[in-house]
Amino acid sequence: MTLLKRSSKIAEAEALVIYAGKKSSLDGFGLTHEQQKAAADALRHDRKMFFSGHPGKLKIVMLKDEKPELYKQHEAARRAGAQLLQFLNETKSSDVCIADADGEDDILLALTEGLLLANYQFLNYKVNAKKKEKDSLQNVSLMSSSLKEKDLEKLEIIIRATCIARDLVNEPVSTLNAVELAKQFQKLGKDAGFKVEVLNKSKIQSLKMGGLLAVNSGSDIPPTFTIMEYKPAKAKNKKPVVLVGKGVVYDTGGYNLKPGPSMETMKCDMAGAAAVGAAMWAIAKAKLPVHVIALVPATDNRINGSGYVAGDILKMYNGLTVEVLNTDAEGRLILADALSYGERFKPELVMEFSTLTGAAMAAIGHYGIVCMGTADEQVKNKLKESGNNVYERLAEFPFWDEYDELIKSDIAEIKNIGGPYGGAITAGKFLARFVSSPYIHFDIAGPAFLSAKDSYRGKGGTGVGVRLMFDFFSNY
Ligand code: BES
Ligand code: ZN
Ligand code: ZN
């Protein structure tokens, strides 16, 4: 874990970084006259990064991206942070002191966020990891006299929570099955101070969660259903917000088996579960004044002699019947049970995160989150605002009644797939049948797992959703 602290004067650091605009003054940072002149010159010529000195005493000046909207400036700063990390690695720098030339603390924090999110590595199985493979950064100090300790703490929580979610996603099913995932949630609850209850298979059977049990029927490992609750004394909301996360710890597709290439990344199919668990950890750590409950139905979707098949008819937790026409549309089956279970809490809002459809990924790629639902405009606008703030942008899809027609079944109430078009929406429509409270569905299939690094989001699990939820609840 990188150490983060505040300092009011230039620390004795290996590397000093100044984030500056073209017109910013570079006085007062201990640069020599020549360095100042050369740096100002470089910035004027649109060079993104200027450095002088040698490893051990580096002076780095980075150019601010002057964007009209504040949230875009913040994102530019995060991206600059990721670029900075790469440079620090190349120069084997371990200690860095960062300042914003114009004294803008929010920009300084955003740059630091990008730096620290980029600094994530999943090395659990690199038993022979060489020093040169490991990120070199150890200590970060932020030079600002106005920066609040509270903001620094908050940033640290956000970074740690995002990395918790990334770790959970990157862990393969051989070490993180449904039972183990529930144990990880129990650990998070203990650490941050929220309640965790895990329902085992026999409890799930007695509750008649037909969706979760059907998807689990092809597995040798039992399912779990985790209930997390954070209820501070001074909660602002009378009725809780319920979070639900898809916890398919591995999705082979079941008897509608996925082809090899599509299966390769399917350990990521619990990214929704990871996001809500990590968000609970962050909310509790930061002691946000909100009453939140998170539900995670978890299982793998596999094949053995008793796996469910297309044609099966299921009776779900709320009594609705579902005709299975594709065992690879399993996420909506386990989520349906969790969503209707969530109704018992009489939530004022339900937010559900899932790597639900290839269709969502096909529609917008990894650049944002597809969302849709029945919550009112005010809530949606707040969520979109948070999406921009943390740059996990939301693209709202239509939720028109006509789509309901596409999931009508001839022999049961609904079927688990729609037609060839609007696949992300028919999936959302399926889920909405199991919730009567105001509801938003977030399909994170696109951004949850990257096959190539994208700035401060590395290859693999991204932890998408965690920062979005934290920002939303911070302003709740
Ligand atoms: N887990 C997948 C969706 C997915 C795809 C997540 C790509 C991450 C990346 C989901 O369970 C699935 O297989 N959905 C099917 C639904 C179809 C059978 C209606 C899909 O999208 O192809
Ligand atoms: Zn599937
Ligand atoms: Zn899936």
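This is a predicted model: local features need pLDDT of at least 70, side-chain atom pairs count only at pLDDT 80 or more; totals for chains, interfaces and linings use all residues.

Reader: What makes Lys246 buried or exposed?

Author: The relative accessible area of Lys246 is 1%, and since the word buried applies under 20%, Lys246 is buried as well.

Reader: How do you know that Lys246 and Glu330 form a salt bridge?

Author: The closest N and O atoms of Lys246 and Glu330 are 3.1 Å apart, and a salt bridge needs a side-chain nitrogen of Lys or Arg within 4 Å of a carboxyl oxygen of Asp or Glu, so the pair qualifies. The pair links distant parts of the chain, with Lys246 in the loop between β9 and β10 and Glu330 in the loop between β13 (321-323) and α10 (331-342), 84 residues apart.

Reader: Which residues coordinate the zinc ion (ligand 3), and why is the arrangement called octahedral?

Author: The zinc ion (ligand 3) is coordinated by Lys246 (NZ), Asp251 (OD), Asp269 (OD) and Glu330 (OE), at 2.0 to 2.5 Å. Six donors count as octahedral if opposite donors are over 155 degrees apart and all others between 65 and 115; the 6 donor atoms here subtend angles of 77 to 174°, which makes the arrangement octahedral. Lys246 lies in the loop between β9 (241-245) and β10, while Asp269 lies in the loop between α8 and α9 (271-285), so the pair ties together parts that are 23 residues apart in sequence.

Reader: What is the site of the zinc ion (ligand 2) called?

Author: That site also has 6 donor atoms, with angles of 72 to 169°, but it is classed as irregular. Its donors are Asp251 (OD), Asp328 (O), Asp328 (OD) and Glu330 (OE), at 2.0 to 2.2 Å, and Asp251 bridges the zinc ion (ligand 2) and the zinc ion (ligand 3), which lie 3.2 Å apart.

Reader: Why is Asp328 called partly exposed?

Author: Asp328 has a relative accessible area of 22%, and because partly exposed covers the range between the 20% limit for buried and the 50% limit for exposed, Asp328 belongs in that class.

Key
Residues are numbered from 1 along each chain as its sequence is written. Chains are lettered from A and ligands numbered from 1 in the order in which they are written. Side-chain values use heavy atoms; hydrogens and water are left out. Donors are N, O and S atoms within 2.8 Å of the metal (3.2 Å for Na, K and Ca); water is not among the atoms, so sites may look incomplete. Four donors count as tetrahedral if all angles lie between 85 and 135 degrees; four count as square planar and six as octahedral if opposite donors are over 155 degrees apart and all others between 65 and 115; anything else is irregular. Buried means under 20% relative accessible area, exposed over 50%, partly exposed in between (1.4 Å probe, protein chains only). Helices (H or I, at least four residues) and strands (E, at least two) are DSSP runs, numbered from the N terminus.
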